[in-house]
Amino acid sequence: MNYRNAFMAMLIRDLRIAFRQRAEIMLPVIFFVVVVSLFPLAISPDPAVLKTIGPGVIWVAALLSVLMSLQNLFRSDFDDGAIEQILLSPYPGALLVLARVLAQWCVTGLPLILISPLLGLLLHLDFHIIKVLFVSLLLGVPYLSMVGAIGVALTVGLRQAGALLSLLVLPLYVPVLIFGSNAVVSAAKDMSYNGQLLWLSALLVIATTLGPFVISSALKVSCSYR
Amino acid sequence: MSKVDKLWLWFHRMASPAYFYNIAGRLLPWIAVATIILMLVGSVGGLVYAPADYQQGDGFRIIYVHVPSAWMSMFVYMVMAVNSAIFLIWHIKLSDIVARSSAVIGASFTFLALVTGSIWGKPMWGTWWIWDARLTSELILLFLYLGYIGLRSAIDDRRVAGRAAGILALVGAINIPIIHYSVVWWNTLHQPASVSKLDNPSIELSMLIPLLSMALAFKLFYLFIVLVNSRSELLEQEKRSQWVKELVTSQ
């Protein structure tokens, strides 16, 4: 098997496993929708208010639901020893880990992005603003998955990892949160938002090129103390 | 022997626990004395001799604690990251011990910078907290420190904890500049008016000397704490080795 076949085999395996547990796929999306719809109840149903807080609310909710969806990224494979087999295989660990994160993004990140225009409508965002929101999430959410996966790989061996995971990962999400929500806010003010989108793309490139190596070495560390 | 070989030899000797323990023990009193002298010079110079600021009055004097601790908060994280890299690449245990002992004191410096910044903000800005670029990035730095400490204490096995936390420190070190500049950029968009008065580059010499002396004192204080901490960690980790047994029986 060459590298491409190994990558595809891993990707298809992960997607197949994910689609057999459909309820789990839907949970982060439902969480996303529920969290966003709490804000009008808590703050104000006034369209003017919702327009100003909308971009930030959607971005923070996306951040939290990505984090939630990642919690079990390596859990079952870690428990049954599949992670060790992946790391011991003749293929680079980083490559296979990249396939795993990509599969996870397809089943949890992508639905989140696809449903975001609907949430934009709920928060009274205009159509051209929703477009920018969509693009910013498209660029930002893969970064969130990749960086979050580093935190998951470091904490997968711990019993109560949830709170620690958020402490490790959320500070690293700050730049994406700033650029992502700010692109949408700038669009709402009829200002240029290209700079923010370029920043998001740059961060995505850094995360996808360096991230897999960090994740696979973090998994090696985690496997050494089961 | 060439110079490079000598350097490597020195490097290897410093990395040997027994040698480090002795050298650190001999250096400690000198560092302590220098820290105390510099701190006295800095506080007397800053609190008594430096003139009051024409805009901020005596309130500006808190910078003699605030600025050095803010500098140290970044510096210590970098020391931690460099030592983590050395530990991950060359498996030098001493580096891990230095990174480990740096974490708590680095977090304390960050906390001190935040607290003094907010105390300074009360008379200057009229409020305890403003989402100013520097305060915000200091706050996120504190979160990074807390994450590092949290991860370290969650894993029981020391060596594994060191490697896991080391990876985290490196990821954090790559992210710190990105976080810092994104926060600065965010801040200039939201509140263009709140430029800190400390930005004024011309600073009176009688104000600058106490500041530099305090900065140096903070650095030496950090060195002192790290050495004391590392020595006790070394004894704990190497308790079964020959040199520790000799050390204990000779006393």
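This is a predicted model: local features need pLDDT of at least 70, side-chain atom pairs count only at pLDDT 80 or more; totals for chains, interfaces and linings use all residues.
Let me start with S216(A), which counts as buried at 7% relative accessibility, where buried means under 20% relative accessible area, exposed over 50%, and partly exposed in between, with a 1.4 Å probe and protein chains only. This serine sits in helix 9 of chain A, and helices here are DSSP runs of H or I with at least four residues, strands being runs of E with at least two, numbered from the N terminus. Once its neighbours within four places in sequence are left aside, S216(A) is in contact with L87(A), G93(A), A94(A) and V97(A), contact meaning heavy atoms within 4.5 Å.

Residues are numbered from 1 along each chain as its sequence is written, chains are lettered from A and ligands numbered from 1 in the order in which they are written, and side-chain values use heavy atoms, with hydrogens and water left out.

Helix 9 of chain A also holds S222(A), which is buried, with a relative accessible area of 1%. Leaving aside neighbours within four places in sequence, the contacts of S222(A) are F78(A), A153(A), L154(A) and V156(A).

Let me turn now to the loops of chain A. H124(A), in the loop between helix 6 (93-122) and helix 7, has a positive phi of about 60 degrees although it is not a glycine, and H124(A) is partly exposed, with a relative accessible area of 35%. In the loop between helix 8 (162-188) and helix 9 we find D190(A), another residue other than glycine whose phi is positive, near 60 degrees; D190(A) is exposed, at a relative accessible area of 66%.

Next, the empty space. Rolling a probe the size of a water molecule over the atoms shows where such space is left. The structure holds 4 cavities of 30 Å³ or more, a cavity being a set of points, on a 1 Å grid over the protein atoms alone, where a 1.4 Å probe fits but cannot get out, and lining residues being those with an atom within 4 Å of a point. The largest cavity has about 170 Å³ of space, a volume being the space filled by probe spheres set on the points, which are joined across faces, edges and corners. Of the 13 residues that line the largest cavity, the closest to its centre are I206(A), A207(A), V171(B), I174(B) and N175(B). Two or more lining residues each come from helix 7 (127-155) and helix 9 (194-223) of chain A and from helix 6 (158-190) of chain B, and the largest share, 5 residues, belongs to helix 9 of chain A.

Finally, chain B as a whole. It has 8 helices and 0 strands, and its C-alpha trace spans about 60 × 40 × 40 Å along the principal axes. Of the 251 residues of chain B, 46% count as buried, and among contacts between residues at least 6 apart in sequence, 78% join residues at least 24 apart. Chain B exposes about 13200 Å², with carbon and sulfur atoms supplying 69% of it, these areas coming from the Shrake-Rupley method with a 1.4 Å probe.

Conventions. On a 1 Å grid over the protein atoms alone, a cavity is a set of points where a 1.4 Å probe fits but cannot get out, and a pocket is an open set with protein on both sides within 12 Å along at least five of seven lines; lining residues have an atom within 4 Å of a point.
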